[in-house]
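Dear colleague,

I am passing on the structure we spoke about, together with some notes on its helices.

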Amino acid sequence: MLNQVSLFTENNEGGLFKITTILAKANINIYTMLANDSAEFGIVRLIVDKADTAIEVLKAEGYQCRQDKVIAVEMDDTPGYLDGILSAIHGANIDISYLYISFNRDNVKPVVVFKTNEPETATFLIGRGYKLLETF
């Protein structure tokens, strides 16, 4: 499983730029980033090369953040591949909290990243023949 940094931030002009500047100054590489917004606040989810350091520097700048375990599954770039993953998960009665798509920098294959509270999900997917990633 991967370590993901999640942080709560105000939805204002330059907000994402401030976050990326903090991480750049700490020499942290962002592998993937997802920003969801609401009227006043948003949640930013990041997978970075140094999650512990990212949390440290972001907290030092006043951000509320935490580290979550997420699952990253490499996919074939074919129609229906994600549907197959989700079908297996649904058939096992596993609830997904959220999901987003990124890519593997090594081979440019798509990667689905998701959060679930079911501790055996990774083992289940490996047993089904899916390739889980520890980094990308």
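In helix H1, which spans residues 15–25 of this predicted model, the buried residues are Gly15, Ile19, Ile22 and Leu23. Viewed down the axis of H1, these buried residues fall within an arc of 95°, so they line one face of the helix. The face of H1 turned away from its buried side carries Phe17, Ala24 and Lys25, which are exposed. As for partners, the buried residues of H1 pack against strand S1 (2–10), strand S2 (30–37), strand S3 (41–48) and helix H2 (51–60). Just after H1, Asn27 adopts a positive phi of about 60°.

Turning to H2, the residues that are buried there are Ala51, Ala54, Ile55 and Leu58. They cover an arc of only 95° around the axis, which puts them on the same side of H2. On the face of H2 turned away from that buried side sit the exposed residues Asp52, Glu56 and Ala60. The buried residues of H2, for their part, pack against S1, H1 and S3, and also against strand S4 (64–74). Just after H2, a positive phi of about 95° is found at Gly62.

Key: Residues are numbered from 1 along each chain as its sequence is written. This is a predicted model: local features need pLDDT of at least 70, side-chain atom pairs count only at pLDDT 80 or more; totals for chains, interfaces and linings use all residues. Side-chain values use heavy atoms; hydrogens and water are left out. Buried means under 20% relative accessible area, exposed over 50%, partly exposed in between (1.4 Å probe, protein chains only). Helices (H or I, at least four residues) and strands (E, at least two) are DSSP runs, numbered from the N terminus. The arc is that of the directions from the helix axis to the C-beta atoms. Contact means heavy atoms within 4.5 Å.
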